[in-house]
Amino acid sequence: MTRRLVSALALLGALLLGVAVLAIFLGSARLSPLTVLRVLGGGAGAESTEHVVVLGLRLPRIAAAVLAGGALAVAGVGFQGLTRNPLAEPSVLGVSAGAAFGVVVGQLAGGSGAVFDAVRVAAFGFGGALVAGAAVYLIASVHGAFPIQTLLLAGVIVGIFFGSAVTVLISLVDIDRLGGVVHWLLGNIAPLPARSLLVFACLAALGFAAIVSQARELNVLALGEEAARQLGINAERVKAQIFVAAALLTSSVVAFAGPIGFVGLIVPHMLRLLLGPDNRLLVPTAMVGGGTFLLIADTIARNAVAPAELSVGIITSFFGAPFFVYLLRTRRGVL
Amino acid sequence: MPGRTAATVSLAVALVLAAAPAGALTVVDMLGREVRLPGPPRRIVSLVPSATELIYALGGEDRLVGRTDFCDYPPAAKEKPSVGGMISPSLETIATLKPDVVIATTSGNRLETFTRLEQLGIPVYAVHAHRIAEMLDVTRRLAELTGRQAALTPLFAGIERRLFAVANAVRPYPRPRVLYVLWPEPLLVPASGALLTELITLAGGDSITANERGDYPRFSIEAAVVRAPEVILLASHGSNSAPPIAKDKWERLASLPAVKSKRVHAIDGSLAHRYGPRVVDGVEALARAIHPEAFR
């Protein structure tokens, strides 16, 4: 197991590095590869345009994309293990929408012209994610199980509810902001300042640790709660921990990048095809694989229509929605 | 350049003043649709904050019987009954106000509102403006609808005089490259279709996003940095729940001439984002932010 994990991580890590190198050379600023190399080698003044573009914009944006993608993919693995349902994912479950509502409330609570307070906004997002997740849990649970139809329907309903709650809130408070918020709701990776990146990384690490430490228990849970109980596992406690951690991961991504869909669906499934269902392999590789996937999507979003930009959430949904349909059709017998 | 833009505005004013008033019963709105009115409208509902401001500026508010929640200027407008928001106004409330005509816009109201009102037999008159010349056209049309043509000449004269004053004040100075940030995250900027782009030109600046497609597109920060803006203007959004204007985010981009010379300014978006009479205040505010040296 350990050897497979190490080799899978090494392979995915190399892929991530390759994509990151590509991403730092690409951008609407059209810097030559030599210029980029010179900046990376420290050969450009801190106040030069090249320095600002490469180290001030591209590098923090790459870091944010990798963090967000990793967090979403791990949250996906967590929700899928928790509900024993392969289609569970932060945006499908409506948890992203709940977090988005919380984030908007947090921003409005900030008062006039206040500096973007990363921690406060993330905390509100976390609250929203917990409420939305708990609502889906209560609506969808039938004798402790989550049949696919009720789970998806509950997720869709809760997602629609919180999505419209955001619009209602903005329309009531300040219609001038609606345009900006609508763009934000599509999901966008931004070059975050170092302080925000640090907060983001800490939250992601916390969520990741909470889920990876329960990977073995998640494997046992997959056999059913009766089996878990016989093996001495406190299923309720494990499930609560996974739920809170996945909500934390989701809400941190929403707070720093907006609601981005389908990463938590596509990446875990790709990895399951390659590595099998063992969560001890899936959770760590999802962190790296998710980062790689979202970085590719964001590099497309940055460059496809330069100097304009696309929302990265549009790119992930463009790939994710057909993938979702594919899973729904092919896995029907299993679900 | 500034002389030429001022001349363009002047020409537009002259053309608009010279245009003959439309017929009393059938008028053509700005979408080119024929709108049949029973007679000169005595009861008007405005679903457009800019139009509400213009009706007050023309002194035609006696005929205004309804407005939206967002028609908050002039303050007196808030005393008129509201029919709700711009996106989904209450059709019932509009109907009970028995308007002879409803003023609506294609950017902000929904097509569904247009069709529902017409099904109820309430005429809808559409307005829109992406240029100052079009704003003057909206003004002229509203003057006709409210029977306030007499107020046009002094109103236009005032607008023209103030725009000329700005043009004269900024003319001696070189035109800096301006980045106007409509929304910081994701970055939204005014492009070729935006009224703001023309206002920035009138205020003596060169918008670095003037030639992009659309009205208010998303834009790459990288591309903005490479175009080295000398002035950055961060729009605040009206009410006291203004979003973070993220000044610190721009100040971290040390290579920008605007940052080096400390010319990153907040600007009141409610002045420049609506095509009402306060657009002139918007041009003056923009000019003061872009050329503080001209107003000492």
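Modeller: Happy to! Let's start with the second largest cavity: by class, its lining has nine nonpolar, two polar and no charged residues. Keep in mind that this is a predicted model.

Colleague: Nice. How much space lies in that second largest cavity?

Modeller: About 70 Å³.

Colleague: And which residues line the second largest cavity?

Modeller: The lining is made of Phe79(A), Leu82(A), Thr83(A), Leu93(A), Val95(A), Gly133(A), Val136(A), Tyr137(A), Phe146(A), Leu151(A) and Phe243(A). The elements that give two or more residues to this lining are H3 and helix H5 (118–140) of chain A.

Colleague: OK, how many cavities of 30 Å³ or more does a search of the whole structure find?

Modeller: Four. The largest cavity has a volume of about 170 Å³. Of the 18 residues lining the largest cavity, Arg61(A), Ile189(A), Pro191(A), Glu309(A) and Ile221(B) are the closest to its centre.

Colleague: Which elements give two or more residues to the lining of the largest cavity?

Modeller: Those are helix H3 (49–83) of chain A and helix H8 (221–226) of chain B. H3(A) gives the most, with three residues.

Colleague: And what classes of residue are in the lining of the largest cavity?

Modeller: There are nine nonpolar, two polar and seven charged residues in that lining.

Colleague: Let's switch to chain B. How many helices and strands are there in chain B?

Modeller: Chain B has twelve helices and ten strands. Of its 296 residues, 58% are buried.

Colleague: Can you show me a helix there? Why is helix H2 of chain B described as largely enclosed by the rest of the structure?

Modeller: Helix H2 (residues 49–58) of chain B is described that way because nine of its ten residues are buried. The buried ones are Pro49(B), Ser50(B), Ala51(B), Thr52(B), Glu53(B), Leu54(B), Ile55(B), Tyr56(B) and Leu58(B).

Colleague: What do the buried residues of H2(B) pack against?

Modeller: They pack against several elements of chain B: strand S3 (44–46), strand S4 (64–66), S5, helix H5 (132–146) and helix H6 (152–170). Just after H2(B), Gly59(B) takes a positive phi of about 80°.

Colleague: You mentioned some strands. In what order do the four strands of the open sheet in chain B come?

Modeller: The order is S4-S3-S5-S6, and the pairing is parallel. S4 and strand S6 (124–127) of chain B are the edge strands, each pairing on one side only. On average, neighbouring strands of this sheet are turned by 35° against each other, direction ignored.

Colleague: Over how many bridges do S5(B) and S6(B) pair?

Modeller: Four, in the parallel sense. Thr105(B), for example, has Val127(B) in S6(B) as its bridge partner.

Colleague: Where does H5(B) lie?

Modeller: H5(B) lies across S3, S5 and S6 of chain B, and runs at about 155° to S6(B).

Colleague: Last one! Is Lys98(B) buried or exposed?

Modeller: Lys98(B) is exposed, with a relative accessible area of 60%. You'll find Lys98(B) in the loop between helix H3 (91–96) and strand S5 (101–105) of chain B.

Colleague: How far apart are Lys98(B) and Leu234(B) in space, C-alpha to C-alpha?

Modeller: They are 42 Å apart in space, and 136 residues apart in sequence.

Methods
Residues numbered from 1 in each chain as written. Chains lettered and ligands numbered in written order. Predicted model: local features only at pLDDT ≥ 70, side-chain atom pairs only at ≥ 80, totals over all residues. Heavy atoms only, no water. Buried < 20%, exposed > 50% of the residue type's maximum accessible area, 1.4 Å probe, protein only. Contact = heavy atoms within 4.5 Å. Pairing = 2+ DSSP bridges. Axes fitted to C-alpha atoms, helices over the stretch in contact; angles between N-to-C directions. 1 Å grid on protein atoms, 1.4 Å probe; cavity = no way out; pocket = protein on both sides within 12 Å on 5 of 7 lines; lining within 4 Å. Points joined across faces, edges and corners; volume = space filled by probe spheres on them. Nonpolar A, V, L, I, M, F, W, Y, C, P; charged D, E, K, R; others polar.
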